[in-house]
Amino acid sequence: MNVDNIFIPFFLCFSILSLDFPLQSSGLRKMGSSVIRLPNDKSYRQHSFDPSRVTQISRHPRAFLYRNFLTDEECDHLIEVARDKLQKSMVADSKTGKSIESTVRTSKGMFIRKAQDEVIASIESRITVWTFLPLENGEAIQVLQYEKGQKYLPHWDYFQDKANQALGGHRIATVLMYLSNVEKGGETIFPNSEMKESQLKTDEDSECAKKGYAVKPKKGDALLFFSLHPNATIDPTSLHGSCPVIAGEKWLATKWIHVRSFDRKRVSASRKERLQGGNPQSI
Ligand SMILES: *[C@@H]1O[C@H](CO)[C@@H](O)[C@H](O)[C@H]1NC(C)=O
């Protein structure tokens, strides 16, 4: 028997096994601690994970846009879960690491417990499959609402203080999911992107959007960018902000991902509370 003949039965066997997975699975498959299999049943297949919808929009910072990452129903679900639990967004004081209010960030937000329901768990698994980063390295999804005039001035997602790196270490990457369209304004802007000069701007873009590479929010789209270089040093070009909303409102879901597990195991109760109470953003 030559190699080809052996290969074919092996291949068939493998195909059958891998077909078997989706047919059996009704929900998410979690194997070992973090091996994710996306469900592949009928309803899911209509909106399956499709890397061909991803384009790289910038090399410095490394940023990628995924069209229709979420279905309209998933977007609406995230908004409904968050709507009546929103609180004024906080930022981390860059010296003490303490969570404080600031005019730099004027949105409202709330954290959704990890895998709180099947929809959330499915979104979190999809993020893991897209980013190749472990599920346990992610913070809980934060849902944010920006009303007219509300914004987040350019900032980095990595922390300078040690306190905010105690759990999970540095933030390596951020996934921003747009849950609504915004009539005008509300763009995500990268003021230091090398692509900012080459991006064509139109009257549709706000003045703020013209100051960097801008991503216009579109319901269902997701933006992934890295705060660390592949060599694990911080990337200052990952500076980004949310332009003020001029008309309409902006709903956004954020997933911050760390270099190590963010799941609390032996964390003291007080620190746990601080971390859960609203993990702040670095300014
Ligand atoms: C890490 O990578 C960045 C970007 O390529 C580079 O500018 C920097 O010098 C590198 N640092 C180290 C310590 O390798």
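**Strands and confidence**

Q: Which residue in β4 is the bridge partner of Q56?
A: F64 is the bridge partner of Q56 in this predicted model.

Q: And how do β3 and β4 pair, parallel or antiparallel?
A: Antiparallel: β3 covers residues 54-58, β4 covers residues 63-66, and four bridges hold the pairing.

Q: How many residues sit between β3 and β4 in the hairpin?
A: Four residues lie between the two strands of that hairpin.

Q: Switching topic. What is the strand order in the open sheet of four strands?
A: The order is β10-β16-β13-β14, with antiparallel pairing.

Q: Which are the edge strands there?
A: β10 (152-155) and β14 (213-215), each of which pairs on one side only.

Q: What angle are neighbouring strands of this sheet turned by, on average?
A: The average is 15°, with direction ignored.

Q: How many bridges join β13 to β16?
A: Two bridges, linking residues 188-190 of β13 with residues 240-242 of β16. In that pair, I189 has G241 as its bridge partner.

Q: Now confidence. What is the mean pLDDT?
A: The protein has a mean pLDDT of 84, and 77% of its residues reach 70 or more.

Q: Where does pLDDT stay under 50?
A: One such stretch is residues 6-27. Another is residues 276-280.

Conventions:
Residues are numbered from 1 along each chain as its sequence is written. This is a predicted model: local features need pLDDT of at least 70, side-chain atom pairs count only at pLDDT 80 or more; totals for chains, interfaces and linings use all residues. Two strands pair if DSSP finds at least two bridges between them. Axes are lines fitted to C-alpha atoms, for helices over the stretch in contact, and angles run from 0 to 180 degrees between N-to-C directions. pLDDT is the predictor's confidence in each residue, from 0 to 100. Two residues are in contact if their C-beta atoms, placed from the backbone, lie within 7 Å.
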